[in-house]
2 protein chains.
Amino acid sequence: MAEAGLDALVCRLPENVLMLSGYWPLIGMSFLIMPAQGRPVVVLPRSEEREAKEELWEAERATYLYGVLGGADPYEAVAAVIVEKLGSDAKRVGFEGGFESVAPPWNAGEPSISAAATLAMLERSVGRHVLVDATDLLYALRARKTGAEQEGIRRASEIAALGLRTFQETADRGRSGVDLVAHVELAVMLRGTGFRGARRVRAFAQVSTGMEETSLAYRPAVVSTLRPLVGGDPAVLELAVVADGFWADRTRSVVVGKPTARQRAAHEAVREAKRAAIARVRPGARAADVDEAARSVMRGAGFEREFLHITGHGLGFRYHEPVPVIAPGATTILEEGMVHSVEPGAYAPDIGGIRLEDDILVTPDGAEILGPCGDDLAPGMPA
Amino acid sequence: MAEAGLDALVCRLPENVLMLSGYWPLIGMSFLIMPAQGRPVVVLPRSEEREAKEELWEAERATYLYGVLGGADPYEAVAAVIVEKLGSDAKRVGFEGGFESVAPPWNAGEPSISAAATLAMLERSVGRHVLVDATDLLYALRARKTGAEQEGIRRASEIAALGLRTFQETADRGRSGVDLVAHVELAVMLRGTGFRGARRVRAFAQVSTGMEETSLAYRPAVVSTLRPLVGGDPAVLELAVVADGFWADRTRSVVVGKPTARQRAAHEAVREAKRAAIARVRPGARAADVDEAARSVMRGAGFEREFLHITGHGLGFRYHEPVPVIAPGATTILEEGMVHSVEPGAYAPDIGGIRLEDDILVTPDGAEILGPCGDDLAPGMPA
């Protein structure tokens with residue numbers, strides 16, 4: 001904050017409140033005020049005080065009534081704390097003005113974000129001229145994960161691995177994509193809640209099945225169908241898991257029954273590309289070189305044109321984060337503590353789709369695969 | 001738009017793109033440009049063209065590459081269409097600057113919203129001086145649902161009723177709140193997908209169990225636990241369901257085993273309060289009078305202080321909408337086509353929590369309960 005010349009930060013996106021205070025809000029109505037000097041404070045609905053008391057590690061709490069009769073305007077409550085904390089001295093106050101993708105709060109059905117009302121409240125409190133978009137600073141703070149953050153992401157990825165295995169064990173003739181999504185999400189919630197102490201766990205699974213659907217599985221989102229799997233059908237599970245605010249992003253692919261020779265070749269290439277990219281990860285490595293490690297394997301196996309997308313992206317406080325991007329030409333230098341996906345894939349009408357995705361932590365001397373899990377093409381109980 | 005003096009609207013929140021075009025985006029990267037004259041156009045990722053082709057009912061499509069190598073800046077693609085559609089004549093262009101709560105896209109794990117990049121794109125395209133926050137107009141357009149919108153919400157609420165019944169049939173000794181959440185969400189996805197043609201269905205369930213947890217079930221979000229239900233435990237299911245972009249919001253409450261006399265009395269009061277409020281709903285009714293119909297029942301039964309919150313809120317394009325609010329003092333006059341919840345409840349240490357919530361459509365001569373479902377206190381197969 002000193003480097004960025006900021007006197008304070010004000011955030012309300014759950015991902016940033018979590019990073020700066022340790023508390024992952026139940027709904028998106030908790031505001032964090034962090035002065036450059038002095039303790040930060042989180043202004044939150046009184047109804048979340050129980051959870052905040054347990055999770056907040058280095059911030060004061062202030063509460064306001066919300067969701068019950070007699071409650072006042074939350075923005076007034078937040079404004080009062082801002083004025084008290086910052087006084088009339090603030091010259092530059094950072095806020096999260098550049099987040100166009102956001103992680104939902106625990107109550108994922110209805111995220112809350114900062115728009116006109118929040119901006120007006122900030123302007124009333126500190127004056128418009130001192131507001132600064134601190135998005136770059138916030139992403140810079142998130143780029144290298146602390147030990148506790150790494151542990152949160154590791155646990156989320158281990159829970160995600162429970163979902164991947166459920167998919168691998170369940171994908172079979174007669175099951176549909178919708179059925180597989182539902183059972184993977186059930187398994188993650190049932191077996192993930194309580195896993196190494198995780199309290200709030202949710203999965204967002206997407207399953208493509210059959211040649212046509214999976215050949216489109218490179219899409220950022222798919223629509224699962226009710227069509228039952230038949231022998232020879234490929235199936236791709238794309239799985240996001242959040243556990244106490246930390247995210248994992250994993251993918252596995254199988255073929256039910258007997259894969260074709262070309263599917264086997266594509267799977268072998270994708271698996272080897274994943275291995276090669278992970279082997280290239282270490283502090284000091286260029287992101288483009290990690291991408292090229294995967295891409296050159298795909299090229300050598302004759303699947304370069306079928307590998308339609310980048311090799312990976314940052315993650316942890318959200319499903320996808322912008323640092324680092326593992327892509328052709330990416331000049332980012334990997335640093336210890338960064339977490340990113342490695343997810344080569346091949347998609348074509350004569351293959352369907354095959355993608356394998358793991359979450360990787362950059363360690364002092366290489367890479368750790370978070371939540372290791374088999375990646376065979378054959379469904380059934382993996383080794 | 002003429003009344004609001006707008007030459008055009010530009011939206012990208014999935015809930016508004018759905019309302020104005022019929023298309024519910026897979027991810028939040030579809031932008032709608034609606035000129036006051038001429039056809040609207042939706043600029044969307046090429047990878048969503050399949051779904052958009054089927055769902056878009058009165059808008060042109062323009063696409064850009066997204067999520068694959070070789071893609072350009074989405075904002076440039078959107079800006080080009082804005083400049084082409086609006087030329088240099090636009091005096092006032094409305095945008096969704098006031099949405100601080102948002103409905104997630106189909107890809108609920110990572111909503112996209114309009115922040116600095118979108119605003120900069122709009123300013124580059126039409127000039128800053130013509131941008132107008134059109135949030136009030138958008139909410140006004142959403143206040144009365146069209147026939148097709150009513151049908152979408154009705155179907156979502158019928159699917160939600162499948163989840164309510166799963167809860168009623170499943171809540172039993174030995175099950176935990178987490179277990180009930182997982183099985184309700186599984187049932188909604190498995191049985192809701194394909195239900196009257198619904199293609200994209202997801203549930204967000206929250207279950208409180210036991211006296212202490214349910215006495216806090218008035219909270220906007222709860223944390224379900226692994227504690228097994230025992231005889232005498234109350235359980236409350238709060239359930240959001242989205243089906244092809246339309247939302248339902250329902251609640252049911254049960255007591256496992258034998259309820260106390262006070263729990264039975266509270267449940268009878270809540271059920272009667274719900275009936276009384278719904279009976280008061282018709283075009284021309286004051287929202288405050290609908291609230292008072294419920295509140296007076298609670299008062300008469302001695303549970304006024306236990307009824308901590310408002311009686312209801314609008315819904316349909318989102319889990320919660322701001323029009324109408326059914327609350328003490330609310331001066332809104334109900335109109336045909338409005339959809340809102342009716343959800344009285346009672347919460348106290350000696351009751352636990354009991355809330356019953358239905359979604360109500362204001363019809364020409366009264367009210368329709370969308371997705372009717374029994375509301376007995378006893379779990380087990382309802383009538």
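Before you click on anything, one definition: a residue is buried under 20% relative accessible area, exposed over 50%, and partly exposed in between (1.4 Å probe, protein chains only). What you have open is a predicted model, where local features need pLDDT of at least 70 and side-chain atom pairs count only at pLDDT 80 or more, while totals for chains, interfaces and linings use all residues. Residues are numbered from 1 along each chain as its sequence is written, chains are lettered from A and ligands numbered from 1 in the order in which they are written, and side-chain values use heavy atoms, leaving out hydrogens and water.

**Stop one: a sheet in chain A**

Color the strands of chain A and look for the open sheet of six, running E4-E3-E2-E1-E5-E6 with mixed pairing. Strands (E, at least two residues) and helices (H or I, at least four) are DSSP runs numbered from the N terminus, and two strands pair if DSSP finds at least two bridges between them. At the edges sit E4 (60-64) and E6 (131-133) of chain A, each pairing on one side only.

Now select 41-45 of chain A: this is E3, which pairs with E4(A) in the parallel sense over five bridges. Within that pairing, A:Pro45 stands opposite A:Tyr64. Next, show helix H3 (residues 74-86) of chain A, which packs on the sheet and touches E1, E2, E3, E4 and E5 of chain A; contact here means heavy atoms within 4.5 Å.

A salt bridge here is a side-chain nitrogen of Lys or Arg within 4 Å of a carboxyl oxygen of Asp or Glu.

Start with B:Arg199 and B:Glu54, whose side chains meet at 2.5 Å, N to O. B:Arg199 is in the loop between helix H7 and strand E7 of chain B and B:Glu54 is in helix H2 of chain B, so the bridge ties together parts 145 residues apart in sequence. B:Arg199 is partly exposed at 39%, and B:Glu54 is exposed at 56%.

Then select B:Lys274 and B:Asp358, with their closest N and O atoms 2.6 Å apart. Helix H9 of chain B holds B:Lys274 and strand E15 of chain B holds B:Asp358, so this pair links parts 84 residues apart in sequence. Buried or exposed, B:Lys274? At 6% relative accessibility, B:Lys274 is buried, and B:Asp358 is buried too, at 2%.

**Last stop: a network in chain A**

Salt bridges with shared partners join A:Arg250, A:Arg252, A:Glu268, A:Arg271, A:Lys274, A:Asp358, A:Asp375 and A:Asp376 into one network.

Key: Axes fitted to C-alpha atoms, helices over the stretch in contact; angles between N-to-C directions.
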